[in-house]
Amino acid sequence: MVERTPFLNFFTHLILFIGFVFCIAPFVVVAIAASHNLRDVNDVPMSLLPGSDFWVNIKTAWTTADLGPKLLNSFIMAAGVAAGKVIISALTAFSIVYFRYPGRNFIFWLIFVTLMLPLEVRIVPTYAVVANVLSPYQAILDVTGLSWLIEKVSGVQVSLSLGLLNSYTGLIMPLIATATGTFLYRQFFLTVPDELTEAARMDGAGALRFFIDILLPLSRNNMAALGTIMFLWAWNQYLWPLLITTDQSHATAVTELKQLIPNVGGIPEWNIAMAGTLIVMLPPLIVVVLMQRWFVRGLIATEK
Amino acid sequence: MEKRVTFGKWTIGILFAVPQLLLIFTFFYWPAGQAVYWSLTLQQPWGGGNIWVGLDNFRSILSNADYWNSITASLIFAGISTGLAMFIALVLAALTDRQLAGSRLYRVVLIWPYGIAAPALAMAFRFILAPEAGFMAVVNRVWPGFWDPGLDGADAMASIIVAFSWKYVGYNFIFFLAAFQAIPRSLIEAAAMDGSGVIRRFRDIQFPLITPTIFFLLVINITESFQDSFGIVDIMTAGGPANATNLMVYKIYSDGFKGLDYSGAAAQSIILMLLIIVLTIFQFRFIERRVHYR
């Protein structure tokens, strides 16, 4: 800037430094607490010098909350959601931008509306759907009288049922069912020059060919950004996996954290709890640090 | 905006949209419709049939003191945590935008909180704000009984507000910084040449230009405070003490899945849906305005 403002510069640094400390403090406190033994972590005030029990605590937390398989589950869920979103949103945006058909605008709005209602507020009926994912279709058959007709004709009673509780599909699918991403692609596809499409068509490329060979490679940046954001978002999900993983085999790392809350009575094992917290918060943090540039760009582009 | 060149056959076009449509029908529209239906019936748990009761569920919810308490708690939570997260992020972004030495470092670190899962964050703050260990224990030594989120509702509310705002400071910071950086440098430099000071420039140039971002973030923060708060509440306070932090989304969960009151939970969902829809419509209008802006 043009002028000299030493006084203001001093305050800028001071406030930014305080902000920095506040921002980083929880990470530091978690890491230090995770390195203390049971007695030291409960000391008042807790020593801010690292203790020597870091690896012991990490190990205890790892086995207590069974974090190995849980981290794997988190990873499968997050990767599944990210991949699903990246693919399905691209397909939909392609359909909306590159084809003219009746009802196209209606489809656009059908998808748009899903941005309004988060999973949390329709959690009870969504749970019911996942318990039997074919129940909507059964209901349609019942209401239209089709199941009655089938029973009359063939004698077979139609009862569609497919439970997805405690399955990766059940974890992933409902999280993919929103429109985040479709609009990111749509905006991008609209900026792709028509000449390119024309040239491709002249060379005899069909819709699918154009989509796979030209459009998708051009959208690499969007895919990286959307994939990162969705991975983080899915990794950090809590309520949904908490509900649908009624047995331990499909629980995720984030939901298992609850196991480490120290019991009332006895000396609270905060060192173990913080070691577990550190393990669970680390993977998304690494993703943020590695993908920071994509992530920020994408975050601003998708408005979410 | 429309494409001039398209691929003809409309049947193929629709096929590309089918996977998305199936997914949102099954996991979005059907459950949303079901929620409306359930809210108007008395639903027996474990599928014992249901009775049409019209608006009775809403009547009984709205005449329940616990529900109003939950709304009040949600509003207090949303108001204070949004205010805090926005104000702190705005100050930090405005100062980072001055680009003194070291502002790169701030930019990198201030984004970190966004990546942390709300429950992990909640666990960290549960320890940091525990009355018997950590740092509030020091305060409690000096003023015995000053801080106890396990017994005192106001302390519990303060705990979840701190955890939530901490996360959203990072989120808001990204958007504010982007907005500040979109303002042409020359505009500010010209004003500086004319002799207007830093504060004057902020008030007359920068602040008016970022108001669309402020409105946008305001709505995002408020809607997220209704949803993303679930993990924080579940880990830190479980709605207690004495329902002081029983926020709307947490009450839906505990009434629906612990109390097995599906109809009541559905009615509460509908009310929360309406609230969020209103906020979202509001938000889209501002996004639209923002698009015209640039």
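This is a predicted model: local features need pLDDT of at least 70, side-chain atom pairs count only at pLDDT 80 or more; totals for chains, interfaces and linings use all residues.
Visitor: What makes A:F7, A:F10, A:F11, A:L14, A:I15, A:I18 and A:F22 a nonpolar patch?

Guide: Nonpolar side chains, Phe, Leu and Ile among them, are joined within 5 Å when their residues have over 30% relative accessible area and no salt bridge. These seven form such a patch on the surface, and together they have about 710 Å² of accessible area.

Visitor: How do you know which parts of chain A are labelled "transmembrane region"?

Guide: That label comes from UniProt, in an unreviewed entry, which places the feature at residues 7-34, 75-99, 106-128, 168-189 and 270-291 of chain A. In the model, residues 75-99 are 96% helix and 0% strand, with their end C-alpha atoms 36 Å apart, while residues 106-128 are 61% helix and 0% strand, with end C-alpha atoms 27 Å apart.

Visitor: Why is the pair A:K258 and B:D234 called a salt bridge?

Guide: The closest N and O atoms of A:K258 and B:D234 are 3.0 Å apart, and the rule asks for a distance within 4 Å, so the pair qualifies. Across the interface of chain A and chain B the rule finds 1 salt bridge.

Visitor: What is buried between chain A and chain B, and on which atoms?

Guide: The two chains bury about 10,200 Å² between them, with 76% of it on carbon and sulfur atoms, and 114 residues of chain A are in contact with 101 residues of chain B.

Definitions and conventions. Residues are numbered from 1 along each chain as its sequence is written. Chains are lettered from A and ligands numbered from 1 in the order in which they are written. Side-chain values use heavy atoms; hydrogens and water are left out. Patches are made of residues with over 30% relative accessible area and no salt bridge: like charges are joined within 9 Å, nonpolar side chains (Val, Leu, Ile, Met, Phe, Trp, Tyr) within 5 Å. Accessible areas come from the Shrake-Rupley method with a 1.4 Å probe; for residues, only the protein chains shown count as cover. A salt bridge is a side-chain nitrogen of Lys or Arg within 4 Å of a carboxyl oxygen of Asp or Glu. UniProt positions are given in the numbering used here, feature names are shortened, and annotations may be inferred rather than shown by experiment. Helices (H or I, at least four residues) and strands (E, at least two) are DSSP runs, numbered from the N terminus. Contact means heavy atoms within 4.5 Å. Buried area is the accessible area (1.4 Å probe) that two parts lose on being put together, summed over both.
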